[in-house]
Amino acid sequence: MKTDGAPTISSAPPTSFQLFLGFLGIGIIGFGGVLPLARRMLVEDRRWLTPDEFVDLLGLCQFLPGGNVINISVAVGMKFRGWRGALASILGLTAVPTAFVIVLGVIYDRYRDDPHVQQVFAGLAAAAAGLLIAMAIKLVTPILTKPAALFIASLLFFAVAFLRLPLLPTMLVLAPLSVLLAWRLRP
């Protein structure tokens, strides 16, 4: 249901099997970068999270070691079904890609010097870059109306992209500032 054009949370929390199937779908069709697919599945299709919840969860998951989408799958599974949901989510997300990586690794090892194989990988890199840009646009949309969040995001981008500061220490400095600003500006 949509009230003001924004997706709402679905009424019933997903079962562990639904979590498994949802993340399995992402794992099956996601090549190069599944964050846009995860957001679409979680926010737009299944409506398990709101856009703001997804952005908040992604921000938290970026602080954790490991891949963002893997961390998101665990966090979403934990939110709805505890450790069983987390296990179902991560197994769904990683089962098929793990098998593909093993098979493709064996094939690539054998044919890596073939120019056709090199062209395929160049095309895949371009597609992954496009997915990343599309995801960045969707992630920035919820914070466009929040000047403090936009300021922190811009500051982080500037520090990492232009000043070439390391990401983790920069985030460790800006995270408390972000929390302080959110606390001071709360309604």
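This report covers confidence, salt bridges and aromatic pairs in a predicted model.

## Confidence

The structure is a prediction. Its mean pLDDT is 87. Of its residues, 94% reach 70 or more.

Helix 1, residues 16–29, has the highest mean pLDDT, at 93. Helix 5, residues 115–140, has the lowest, at 84. Where pLDDT is low, the predicted coordinates should not be read in detail.

The whole structure holds five salt bridges. One of them joins Glu44 to Arg39. The closest N and O atoms of Glu44 and Arg39 are 2.7 Å apart. Arg39 has 7% relative accessibility, which is under the 20% cut-off, so Arg39 counts as buried. Glu44 has a relative accessible area of 35%, between 20% and 50%, so Glu44 is partly exposed.

Glu44 also forms a salt bridge with Lys138. Here the closest N and O atoms are 3.4 Å apart. This pair links distant parts of the chain. Lys138 sits in helix 5, and Glu44 sits in helix 2, residues 35–45. They are 94 residues apart. Lys138 is partly exposed, with a relative accessible area of 33%.

## A link between helices 3 and 4

Another salt bridge brings together the side chains of Glu53 and Lys79. The N to O distance is 3.4 Å. This pair, too, links distant parts of the chain. Glu53 belongs to helix 3, residues 51–63. Lys79 belongs to helix 4, residues 68–111.

How exposed are Glu53 and Lys79? Glu53 is partly exposed, at 30% relative accessible area. Lys79 counts as partly exposed as well, at 46% relative accessibility.

Now to the rings. There are three aromatic pairs. One is formed by Phe157 and Phe162. Their ring centres lie 5.8 Å apart. Their planes stand at 85 degrees, which is over 60, so the pair is edge-to-face. Both residues are on the exposed side of the 50% cut-off: Phe157 has 54% relative accessibility, and Phe162 has a relative accessible area of 55%.

Phe158 and Phe162 form another aromatic pair. The distance from centre to centre is 5.7 Å. Phe158 and Phe162 are four residues apart in helix 6, residues 147–162, so about one helical turn separates them. Phe158 counts as partly exposed, at 41% relative accessibility.

Together, Phe157, Phe158 and Phe162 form one aromatic cluster.

Technical notes. Residues are numbered from 1 along each chain as its sequence is written. This is a predicted model: local features need pLDDT of at least 70, side-chain atom pairs count only at pLDDT 80 or more; totals for chains, interfaces and linings use all residues. Side-chain values use heavy atoms; hydrogens and water are left out. Rings of Phe, Tyr and Trp (its six-membered ring) pair if their centres lie within 6.5 Å; planes under 30 degrees apart count as stacked, over 60 as edge-to-face and the rest as tilted. Buried means under 20% relative accessible area, exposed over 50%, partly exposed in between (1.4 Å probe, protein chains only). Helices (H or I, at least four residues) and strands (E, at least two) are DSSP runs, numbered from the N terminus. pLDDT is the predictor's confidence in each residue, from 0 to 100. A salt bridge is a side-chain nitrogen of Lys or Arg within 4 Å of a carboxyl oxygen of Asp or Glu.
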